Amino acid sequence: MTEQPPVIEIRDLHKSYGQLEVLKGVSMSAPRGHVISLIGSSGSGKSTMLRCCNLLEDSQAGEILFEGEPIRWKGEGAARRPGDRNQVLRIRTNLSMVFQQFNLWSHMTILQNVMEAPVTVLGRDRAETEAKAREYLAKVGIGDKCDVWPAQLSGGQQQRAAIARALCMEPRALLFDEPTSALDPELEQEVVKVIKALAEEGRTMLLVTHDMRLAHDVSDHVLFLHQGRIEEEGPPDAVFGNPQTARLQQFLSATR
Ligand code: ADP
Ligand code: MG
């Protein structure tokens, strides 16, 4: 059996916003079927790292690979950009992102929200996409909400619709950026349940979260980011149960 390359891999990635160096050489690998969580305090670079993975941000040095295929850059340093538009589009549509603010289109029904990108961006068949969209909405527990407007749903339901929308792209991996942070505690659990079910299905996921219990329960591997460096990483039992560095110990005691 040939070993499959990781869905996403980054090697020694450096990223600055002007003079501010936010990522100071980070490396990470998300093998197929694994859940990788990113934890760390606010401003440590978690969102930036996630956004670099699907090329929503440029980076100045290091490698990004999608299924073993390196990004083809043109230029160097501050001038470095992905040089192949088709490659960028292919990667971006294969790494669906779920944001803290669900960003549903308010003028479209829930079903239209979920169908929009597969039909208009990927050019998929409308009837087939509708059937899939209904399936994914049922899967996240809001199959009865197809014809309502986003404003008619609770925050937890809107976030589940956003997850169904990401799933309907049938991506290779899901990227979550603090998907439960905007929700009231009682609604948070509805979304946690969905994320756990997706992890159990063996979906490849990159998860930025402030919810340490969720990170502990779903992850195969946890990365602790501190001031743009990976300060510590390992399996969840080790990272949460036996943290080695003072910084991680301090971070975890502050979040408990
Ligand atoms: P986290 O998600 O861990 O809270 P971010 O990746 O959002 O951290 O931000 C890391 C650092 O980069 C912070 O200091 C933040 O202010 C800065 N930053 C993030 N986005 C931008 C941007 N578009 N322009 C300038 N600075 C930014
Ligand atoms: Mg963030």
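**Figure 1. Contact between helices H4 and H5 in the predicted model.** In this predicted model, Thr-129, Lys-132, Ala-133, Tyr-136 and Leu-137 of H4 meet Ala-161, Ala-164, Leu-167 and Cys-168 of H5. By class, the residues of this contact comprise seven nonpolar, one polar and one charged. H4 spans residues 126-139 and H5 spans residues 155-168. The two helices pack at an angle of about 140 degrees, and their axes are 9 Å apart. H4 is therefore oblique to H5, an angle having to exceed 145 degrees to count as roughly antiparallel. The crossing of H4 and H5 is right-handed.

**Figure 2. Packing of helix H3 against helix H5.** H3 comprises residues 110-120. The axes of H3 and H5 come within 8 Å and cross at roughly 25 degrees. The two helices are therefore roughly parallel to each other, the cut-off for this description being an angle under 35 degrees. H3 passes H5 in a right-handed crossing. On the H3 side the contact is made by Ile-110, Asn-113, Val-114, Met-115 and Pro-118, and on the H5 side by Ala-161, Ala-164, Arg-165 and Cys-168. These residues divide into seven nonpolar, one polar and one charged.

**Figure 3. Packing of helix H3 against helix H4.** The axes of H3 and H4 come within 9 Å and cross at roughly 130 degrees. That angle makes H3 oblique to H4. The crossing in which H3 passes H4 is right-handed. From H3, the residues Ile-110, Leu-111, Val-114, Met-115, Pro-118 and Val-119 take part; their partners in H4 are Arg-126, Thr-129, Glu-130, Ala-133, Tyr-136 and Leu-137. Sorted by class, the contact of H3 with H4 has nine nonpolar, one polar and two charged residues. Among the H4 residues in this view, Thr-129, Ala-133, Tyr-136 and Leu-137 also belong to the contact of H4 with H5.

**Figure 4. The shell of residues around ligand 1.** The residues around the ligand are Tyr-17, Leu-20, Val-22, Gly-40, Ser-42, Gly-43, Ser-44, Gly-45, Lys-46, Ser-47 and Thr-48. By class, this shell has three nonpolar, seven polar and one charged residues. Strand S2 (20-30) and helix H1 (46-53) each supply at least two of its members. The largest share, three residues, comes from H1.

**Figure 5. Helix H1 and the residue that follows the helix.** Six of the eight residues of H1 are buried, so the helix is largely enclosed by the rest of the structure. The buried residues are Lys-46, Thr-48, Met-49, Leu-50, Cys-52 and Cys-53. Two of these, Lys-46 and Thr-48, are also among the residues around ligand 1. Just after H1, Leu-55 takes a positive phi of about 65 degrees. Most residues other than glycine have a negative phi.

Figure 6. Asn-103 is placed in the loop between strand S8 (95-98) and H3. Gln-227 is found in the loop between strand S11 (221-226) and strand S12 (229-234). Gln-227 counts as partly exposed because it has 14 C-beta neighbours inside 10 Å.

**Figure 7. Surroundings of His-34.** His-34 lies in the loop between S2 and strand S3 (35-39). With 19 C-beta neighbours inside 10 Å, His-34 counts as partly exposed, since a residue is buried if 20 or more such neighbours are present. Not counting residues up to four places away in sequence, His-34 touches Thr-204, Asp-220 and His-221. His-34 and Arg-203 are 169 residues apart in sequence, whereas their C-alpha atoms are 6.8 Å apart in space.

Terms used:
Residues numbered from 1 in each chain as written. Chains lettered and ligands numbered in written order. Predicted model: local features only at pLDDT ≥ 70, side-chain atom pairs only at ≥ 80, totals over all residues. Near = placed C-beta within 6 Å. Helix = DSSP H or I, 4+ residues; strand = E, 2+ residues; numbered from the N terminus. Nonpolar A, V, L, I, M, F, W, Y, C, P; charged D, E, K, R; others polar. Buried ≥ 20, exposed ≤ 12 C-beta atoms within 10 Å, placed from the backbone. Axes fitted to C-alpha atoms, helices over the stretch in contact; angles between N-to-C directions. Parallel < 35°, antiparallel > 145°, perpendicular 65-115°, else oblique. Left-handed = near helix turned anticlockwise from the far one by under 90°. Contact = placed C-beta atoms within 7 Å.
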